[in-house]
Amino acid sequence: MVNQILTHEQIQHKIKRIAYQIYEANVDESEIVIAGIEGGGLKFAKKLSTILRKITDAEITLCTVNMDKRNPLDCGVSTSLKKDAYQNKSIILVDDVLNSGTTLIYGVHHFLKTPVKQLKTAVL
């Protein structure tokens, strides 16, 4: 027996609503960096990026965040963008689910090593 939390339509509606919330929080930004944690987070980030490109004139930059989710402290976190590409920018760190919060914490820690304009998280 499978427990379904949300239907496909409900998920699509939530993704669209989250994209609008990101837009509203960044209405004055010329660029928004959408940083998806490899795996489900990156898939979610790509969907958010697609919607954001339709609703804002801001440049939407997609960034892949790589980490060993089982051992992020020893293996570290890396991104597909160099630090200067997201320095002093608005960043949205995206993951698909939130269990303990550990993955997001390590992702946030990585980005806060560089001065950023703002850093927010988005989780489905």
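A35 stands opposite C63 in β2. The model is predicted. V33 also faces this strand, with T61 of β2 opposite. Together, β1 and β2 (residues 59-67) pair in the parallel sense over 7 bridges. On the β4 side, β1 again runs parallel to its partner, and 5 bridges join the two strands. There, the bridge partner of G36 is V94 in β4.

**The sheet**

The sheet is open and has 5 strands, in the order β3-β2-β1-β4-β5. Its pairing is mixed. The edge strands are β3 (77-79) and β5, and each pairs on one side only. From one strand to the next, the twist averages 25 degrees. Helix α1 packs on the sheet and touches β1, β4 and β5. The direction of α1 makes about 170 degrees with that of β5. Helix α5 packs on the sheet too, touching β1, β2, β3, β4 and β5. The direction of α5 makes about 160 degrees with that of β4.

**Strand β1**

How many of the 7 residues of β1 are buried? The count is 7 of the 7, so β1 is largely enclosed by the rest of the structure. In a regular strand, side chains alternate between the two faces of the sheet. In β1, E31, V33, A35 and I37 point one way. I32, I34 and G36 point the other way. Residues of both sets are buried.

**I91 in strand β4**

I91 lies in β4 (residues 90-95). Is I91 buried or exposed? Its relative accessibility is 0%, so I91 counts as buried. Beyond its neighbours within four places in sequence, I91 is in contact with V33, A35, Y86, F111, V116, Q118, L119 and K120. Two of these, V33 and A35, belong to the β1 set that points one way with E31 and I37. V108 is 17 residues from I91 in sequence. In space, the C-alpha atoms of I91 and V108 are 9.8 Å apart.

**Salt bridges**

Side chains of opposite charge can pair when their charged atoms come close. The count here comes to 3 salt bridges.

| Pair | Closest N to O distance | Relative accessibility |
|---|---|---|
| E29 and K117 | 3.1 Å | E29 18%, K117 55% |
| K89 and E31 | 3.0 Å | K89 22%, E31 13% |

E29 forms a salt bridge with K117. E29 lies in the loop between α1 (8-25) and β1 (31-37), and K117 in the loop between α5 (102-111) and β5 (118-123), so the pair ties together parts 88 residues apart in sequence. E29 counts as buried because its 18% accessibility is under the 20% cut-off. K117 counts as exposed because its 55% is over 50%.

K89 forms a salt bridge with E31. K89 sits in the loop between α4 (83-86) and β4, while E31 is in strand β1, so this pair ties together parts that are 58 residues apart in sequence. K89 is partly exposed, whereas E31 is buried. E31 thus brings a charged pairing to a strand in which 7 of the 7 residues are buried.

Notes: Residues numbered from 1 in each chain as written. Predicted model: local features only at pLDDT ≥ 70, side-chain atom pairs only at ≥ 80, totals over all residues. Heavy atoms only, no water. Helix = DSSP H or I, 4+ residues; strand = E, 2+ residues; numbered from the N terminus. Buried < 20%, exposed > 50% of the residue type's maximum accessible area, 1.4 Å probe, protein only. Contact = heavy atoms within 4.5 Å. Salt bridge = Lys/Arg side-chain N within 4 Å of Asp/Glu carboxyl O. Pairing = 2+ DSSP bridges. Axes fitted to C-alpha atoms, helices over the stretch in contact; angles between N-to-C directions.
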